Amino acid sequence: MIKLENYVTGKWIAGDGEGQTLYNAVTGAPLGSTSTKGLDFASILEYGRTKGNPALRKMTFHERGLMLKSLALMLREHLPELYSLSYKSGATKADSWVDIEGGIGNLFSYASLRRKFPNEPFAVDGDPVSLSKTGSFMGHHILVPKEGVAIHINAFNFPVWGMLEKIAVNLLAGMPAIVKPATVTSYLTEAVVKKIIASGILPDGALQLLVGSAGDLLDHVTEQDVITFTGSASTGKMLKSQPRILAENVPFTMEADSLNCIVLGEDVTPDMPEWDIFVKEVRKEMTTKAGQKCTAIRRIFVPENKMEDVWKAVGKALSQTTIGNPENEKVRMGSLAGQSQREEVMAQVQKLLASSSIVYGSLDSVEVIDADAKKGAFMSPLLLLNQTPFESKEVHEVEAFGPVSTIMPYKNLNEATVLAKKGKGSLVCSVVTADNKIAKDFVLGAASHHGRILVLNREDAKESTGHGSPLPMLVHGGPGRAGGGEEMGGVRGVKHYMQRTAIQGSPTAITAITNVYQAGAATTEDEKHPFRKFFEELQIGDTLHTHKRTVTEADIVNFANVSWDHFYAHTDHTSLEGTIFERPVAHGYFILSAAAGLFVDAKKGPVMLNYGLDECRFLKPVYAGSTIGVKLTCKEKTEQEKKGDDDIAKGIVKWLVEVTDQLDEPVAIATILTMVRKKDQG
């Protein structure tokens, strides 16, 4: 029997003593043991802060993102080994795919998210704010990585995904992590971390692992650390109220198990596709991971006149689910993660049975394939029936964390909405309906109590990721009982590991700090046209003042004919009464085109192409006879990665285009993007 090791302060260390024994959930055989006894938790935190944090903070978002991509590609090379270990936790191949490849998918997603950030170690947040009449004083916000460690206390049900979905976010933000997986399945987390550390992809101190008790780790946290917890609401509340966490105001994000629900719309009948979609979704959420998901459906709400038809249909679907050894290709549901988990589920079911009855499944027996039901942590799926959901408290308060769900009736959509909210905060709920008015009314009524709502119908069912699948770019979390926190969520999640700081100063000072040109900042202009400069040569604030051109009636008519834009304001003298226009006005896009004609340098040079338009506003009507000029300023630069040895080294340059008339009043403003070649093609 092996002893799992902790990876701390740059070394693999086995804890002292015999530790806790881990078991194969399918056979009951011992797998190994874990211990963190004897570890110095204060020094583990300090190592992350002083070694891992500075290394990550120096890296840019793009460098961190590419690091995540390398991790993902590396882990994909070890899938067979990881799947083999995952089967020992009772997970089927489909369950393991969600955990292992779903976790790797999070790394890929956050690697791609680097493009939403500048190629800097920090980011500018939001829009600038003018704080003075003349524009000499302004404010902005920046985001910088916190100087502590992200501590992740994870649940047993997803030992790989639970770690990777969290560290993907903190690593992109520039913070190191200490991962403390639930002990019962920590052998799979350890296997993944061994691959990560051996790869050498992460800087020293960026990732540490504790397999076993967290000891007094939380007694040494500081205000720069961040804690995330996934697990039971009661444990989360206990940890969150720890004196050191309260004294230091340490950010604490909790994602707790919740009583998630699904609602069958009143419009759905047995002959509709939505009926089958509903039944399949319930069966899938009850049996995937043997119901051991924080997002699993625990409450099923059905129109009262369809109750019997629904529970019979769900029961029939459940009866077709083969249970047993996950390594047998016929098996569709494996075991729970261990005997203790099964005992806990059974105890919670007994509480639910105080006001509910079993309409499918058995507490005492379960048929299994290629396994021993008593030695393994197997149990039958249980569908419970509760006829009085407004009077019964247990069904809205007690969670059996396994293949258990309760079906309940409602009279109308308002009742369904009220019942959904009786869970006092959930991670997710689903509504299955073909009526978009029902969908809208339910979503707006229930959203205050849910972190995510899935609307399922025949249009999206085939490509839907389903009720129980949190996605990297959407928030995962929920109010109240669900913990009140958020994980993932794309850019939103990254910001949880960064400090948002308001900065004030002159536009020139803020430009120097952010590397983004701010309106009114000092500019530089020389004889060399900005479009003749290579990417490396361009400086933020490089500016060109163009010559001027007078707009004519022929320009307006010709542009209308070329573009086919004959909108009345440009072409019809007789329809202007009651409008803001005195006479036919030049097209906004003509003004932008004319501006380009003024600032573009026509010769072949470093500028390769026009990459797009970020924003554009037309501020004042331009009539025939008006004379316009342009101020072009280098606003921001972003390097692009080479896609191969044959690719051109280049970057994207954002330009602020300010168009003024003969009164020196602004008539249009835009941000355009160009792709610019680098001088150094190495």
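The model is predicted, so local features need pLDDT of at least 70 and side-chain atom pairs count only at pLDDT 80 or more, while totals for chains, interfaces and linings use all residues. Residues are numbered from 1 along each chain as its sequence is written, and side-chain values use heavy atoms, with hydrogens and water left out.

## The chain as a whole

The protein chain has 19 helices and 28 strands. Both are DSSP runs numbered from the N terminus: helices are H or I with at least four residues, and strands are E with at least two. The C-alpha trace spans about 90 × 60 × 50 Å along its principal axes.

Of the 682 residues in the chain, 53% are buried. Buried stands for under 20% relative accessible area, exposed for over 50%, and partly exposed for values in between (1.4 Å probe, protein chains only). The chain exposes about 29,600 Å², and carbon and sulfur atoms supply 51% of that area. Accessible areas come from the Shrake-Rupley method with a 1.4 Å probe; for residues, only the protein chains shown count as cover.

Contact means heavy atoms within 4.5 Å. Among contacts between residues at least 6 apart in sequence, 74% join residues at least 24 apart.

## Paired strands

Two strands pair if DSSP finds at least two bridges between them. Strand β4 (residues 20-23) and strand β5 (residues 30-34) run antiparallel and are joined by four bridges. Within this pair, Gln20 stands opposite Thr34 in β5. The two strands form a hairpin with six residues between them, and Gly28 in the turn has a positive phi of about 80 degrees.

A parallel pair is made by strand β18 (residues 426-432) and strand β19 (residues 450-456), over six bridges. The chain passes from β18 through helix α14 (residues 436-446) to β19 in a right-handed β-α-β crossover. Right-handed means that, with the strands pointing away from the viewer, the path from the first strand over the helix to the second runs clockwise. Val428 has Arg452 in β19 as its bridge partner.

## Positive phi in loops

Most residues other than glycine have a negative phi. Thr9 is not a glycine, yet its phi is positive, near 45 degrees. Thr9 lies in the loop between β2 (6-8) and β3 (11-13), and counts as partly exposed because its relative accessibility is 21%. Lys424, also not a glycine, has a positive phi of about 60 degrees. Lys424 belongs to the loop between α13 (413-421) and β18, and is exposed because its relative accessible area is 58%.

## Salt bridges

Side chains of opposite charge can pair when their charged atoms come close. A salt bridge is a side-chain nitrogen of Lys or Arg within 4 Å of a carboxyl oxygen of Asp or Glu. By this rule there are 31 salt bridges. The table gives some of them.

| Salt bridge | Closest N and O atoms |
|---|---|
| Arg500 and Asp125 | 2.7 Å |
| Asp526 and Lys533 | 3.1 Å |
| Asp647 and Lys650 | 3.1 Å |

The salt bridge of Arg500 with Asp125 links distant parts of the chain: Arg500 is in strand β22 (residues 498-505) and Asp125 in strand β6, 375 residues apart. Arg500 is partly exposed, at 42% relative accessible area, whereas Asp125 is buried at 12%.

Asp526 is partly exposed, with a relative accessible area of 47%. Its partner Lys533 is buried, at 8%. Lys650 is also buried, with a relative accessible area of 9%. Elsewhere, Glu46, Arg49 and Asp225 are linked in a network of salt bridges.

## A buried serine and a surface patch

Ser96 is placed in helix α4 (residues 93-112). Ser96 counts as buried because its relative accessibility is 0%. Leaving aside residues up to four places away in sequence, Ser96 touches Tyr83, Ser86, Tyr87, Ala91 and Glu101.

On the surface, Val129, Leu131 and Phe137 form a nonpolar patch with about 230 Å² of accessible area together. Patches are made of residues with over 30% relative accessible area and no salt bridge; like charges are joined within 9 Å and nonpolar side chains (Val, Leu, Ile, Met, Phe, Trp, Tyr) within 5 Å. Leu131 sits in the loop between β6 (123-130) and β7 (138-145), and is partly exposed with a relative accessible area of 40%.
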